[in-house]
Amino acid sequence: MTKKVITIFGATGAQGGALARAILSDPASEFAVRAITRKPQSDAAHALSKLGADVVAGDLDDAASVGRAMAGGYGAFCVTNFWEHFSPDKELAQAKTMAQAAAAAKLQHVVWSTLEDSRKFVVPGSGEMPVLMGKYNVPHFDAKGEANQFFVASGVPTTMLYTSFYWENLIYFGMAPTRGPDGKLSFALPMADKKLPGIAVQDIGKCTYGIFKRGTVMLGKSVGIAGEHLTGTQMAQQLIAAYGEPVTHNALTPAQYRALGFPGADDLGNMFEFNRDFEDAFCAKRSLSESRALNPELLTFGAWLAANKSQLPKQ
């Protein structure tokens, strides 16, 4: 049987890598993986090749290479990485390039990893949160949401995938509990008592694989995914078991979080404020039951912690 080729952008990154592994770990899969990376000689690329992926060089800033990457394929997973360059303009250009290439290649199913454009909820400059980069509330959300239009305009059959907060941010993005002057651990989540949808990165891949497996019934749909919706206090309570000592929730305000000053702190502070103020809509978009239907192996935060506690930074 000839397998249907899924072109996966960002294949050595978090979301793309998770999808590639989800497909490649299923010996009965109807799909083959074409893994796109700028660094085909990297360790991550070699690891995918060993699993059975066809690793191909490609660069989202090079339209010709994107076109070649999609040629002859069945579908594609399209994703951008704001945190690599901090440029909404680059994200928009890359998304437009992928949408146009997918249409030219006549792909039958594209999954575009997107997020809400917060400007549809909060008018920039209304005083509710600082305006960033001249016209954005949450640049890494807003540009992805704005880019949805390119996939719609291209006419390519697309599923819009709305992802959630990665629990891996606790390991790799400096969001783990920290020890204060009193020697006690605290976990900062500037959302007061509101819930934040979160998910394990591997489950983004498995849910996306579930979307591709469902095929034509998913075309033209928007799907939000999450493993759990939890408050900062609920997350802190579960972190106690992982750390083996008390962990309290440090309920910073978004303004206090923005003032922490690390690269992207203003963007993330606005993101948490947006998530807090529109908790109902944000959580409703990310149905836990629908996520589990796409991926029956969906992890809870507690299960993710149990599997990853050895990787959590110890202070």
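Me: Asp, Glu, Lys and Arg count as charged, Ala, Val, Leu, Ile, Met, Phe, Trp, Tyr, Cys and Pro as nonpolar, and the others, Gly among them, as polar. On that basis, how do the residues of the lining of the largest pocket divide?

Reply: This is a predicted model. In the largest pocket, the lining has 21 nonpolar, 19 polar and nine charged residues. Of those nearest its centre, Ala14, Phe82 and Tyr166 are among the residues that count as nonpolar, because Ala, Phe and Tyr are in that class.

Me: What makes a residue part of the lining of the second largest pocket, and which residues are they?

Reply: A lining residue has an atom within 4 Å of a point of the pocket. Among those that line the second largest pocket are Phe173, Met175, Ser186, Asn250, Tyr257 and Phe262. Its space is about 240 Å³, and its lining has eight nonpolar residues, four polar and no charged.

Me: Why is Arg286 called buried?

Reply: Buried means under 20% relative accessible area. Arg286 has 0%, so the term applies. Arg286 is found in the loop between helix H12 (279-284) and helix H13 (288-294).

Me: What makes the pairing of the side chains of Arg286 and Glu116 a polar contact?

Reply: The limit for a pair of N or O atoms is 3.5 Å. For the side chains of Arg286 and Glu116 the value is 2.8 Å, so the pair falls within the limit. A polar atom of the Arg286 side chain also lies 3.2 Å from the backbone oxygen of Phe282. Leaving out residues up to four places away in sequence, Arg286 touches others including Leu115, Tyr162, Pro197, Ile225 and His229.

Me: What makes E7 an edge strand?

Reply: The three strands form an open sheet with mixed pairing, in the order E7-E10-E12. Strand E7 (165-166) and strand E12 (228-230) each pair on one side only, and these are the edge strands.

Conventions: Residues numbered from 1 in each chain as written. Predicted model: local features only at pLDDT ≥ 70, side-chain atom pairs only at ≥ 80, totals over all residues. Heavy atoms only, no water. 1 Å grid on protein atoms, 1.4 Å probe; cavity = no way out; pocket = protein on both sides within 12 Å on 5 of 7 lines; lining within 4 Å. Points joined across faces, edges and corners; volume = space filled by probe spheres on them. Helix = DSSP H or I, 4+ residues; strand = E, 2+ residues; numbered from the N terminus. Buried < 20%, exposed > 50% of the residue type's maximum accessible area, 1.4 Å probe, protein only. Polar contact = N/O pair within 3.5 Å; in protein donor to acceptor, adjacent residues only side chain to side chain. Contact = heavy atoms within 4.5 Å. Pairing = 2+ DSSP bridges.
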